[in-house]
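Trainee: I would like to go through the terms used for this model and see what stands behind each one.

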Amino acid sequence: MSQIAQRPDAKGWCPGAYRPMMSGDGLVVRVRPTLARLTADQTFGLCDLAERHGSGVIDLTNRANLQIRGVRPENHEALLSDLQSLGLLPDDPDLEARRNVLVPPDWVDGDATSTITRELIQRLDELPLLPEKFGFAIDAGTAPMLANQSGDLRIERTVDGLIARADGLKRGLPVTVETAVDQLIEMAHWFIASGGFDAKRMARHLTSVKAPNDWQQAAPRQERARPVIGQHPNGAVYGVAFGQMIAQDLRALLNASGCKALRVTPWRLILTEDAAPVASNTFITDQNDPLLRIDACSGAKGCPAGEFDTRMLARELAGLTEGSLHVSGCAKGCARPRAADVTLVGRDGKIDLVQNGLPWDEPMARALAASELKDRIGDL
Ligand code: SF4
């Protein structure tokens, strides 16, 4: 297999609430819940807003944000005002765009993760203007859980304390709960002062610019496992197929579980806080469900570039491959910008098949009809 091209133009910014992205089904309005947690009342409110102002579809993103889809442009202002009333849009447009803060889902009030995150959010105005995708991972539990998730500056646990680590470096600078945010702000200013804005991301910047020596003193502990579906010390975990929920299904889950809050994760998993697992026909309740191994973008139903109904096809093909499957409406590969065992790519109304590669790699078979795919994938 050889690469035939670079990734086609992908959006270089994350849509925010104030600066939504227009998609095939209307505006996409992103909500960044503080500490990735919404109370039950906020969640019920969000479901109502998704139905009133949008299509009733809510995405779960790989930054543990929520996106209300299908918002009609004339409803955008009203939606912003309603989100503010729910306490889900606490800051002004400049600060909201900087509130890219990822946390593991098992923080508890008063621990290092929640304390540092709350202080960072209060001090967002001390950060320089950062590239749109620049973000923080406050990952200060017993060991890191977010090492493979997007984060340019991280707080992580070592064997005997905490470090602030720049993405791309193996080691970090020792900090305490009290000094962590000062250090993150200082590192963000270094990033901009050393020309990082054009590189956009810390790891990329550090391939051409040397980080200060004292940034590389202590290594983080070995990564711990992410949550699995079912009972969890903080409640119950459910899978969200393709990261997309229907408001009425989410409302039903909350009602059935009686949970007091919802936590969102970057892994298409949600956690109902302090509640036992309940049966669900719409959320994934089995860790072995093959839908968990499939990435599929919104495709023709939600994107003008989509060549076919990606998610309908993904459901038809679920379980045919033991490994990962990526169903991409076009070669941009929005749902999974990394290799999968099998990738299906829409092109000119037909589907190309890439094995062990990316959507923009050389396909092993071209211009397949959807009806041919089961046999082709089964033969791999
Ligand atoms: S990969 Fe999917 S969501 Fe991204 S541009 Fe193509 S069709 Fe649209």
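Mentor: Start with the domains: domain 1 (1-90 + 227-287), domain 2 (107-215) and domain 3 (290-378). This is a predicted model, where local features need pLDDT of at least 70 and side-chain atom pairs count only at pLDDT 80 or more, while totals for chains, interfaces and linings use all residues. Residues are numbered from 1 along each chain as its sequence is written, and side-chain values use heavy atoms, without hydrogens and water.

Trainee: What makes these stretches domains?

Mentor: The bounds come from an automatic or database domain assignment. Over C-alpha atoms, the centres of domain 2 and domain 3 are 35 Å apart.

Trainee: How many cavities of 30 Å³ or more does the structure hold, and what makes a space a cavity?

Mentor: There is one. On a 1 Å grid over the protein atoms alone, a cavity is a set of points where a 1.4 Å probe fits but cannot get out. The volume of the largest cavity is about 170 Å³, a volume being the space filled by probe spheres set on the points, which are joined across faces, edges and corners.

Trainee: Which residues of its lining lie nearest the centre of the largest cavity?

Mentor: Of 18 lining residues, these are Arg63, Arg99, Asn100, Val101 and Leu102; a lining residue has an atom within 4 Å of a point.

Trainee: Why is the largest cavity said to lie between domain 1 and domain 2?

Mentor: Because both domain 1 and domain 2 give residues to its lining, the largest cavity lies between them.

Methods. On a 1 Å grid over the protein atoms alone, a cavity is a set of points where a 1.4 Å probe fits but cannot get out, and a pocket is an open set with protein on both sides within 12 Å along at least five of seven lines; lining residues have an atom within 4 Å of a point.
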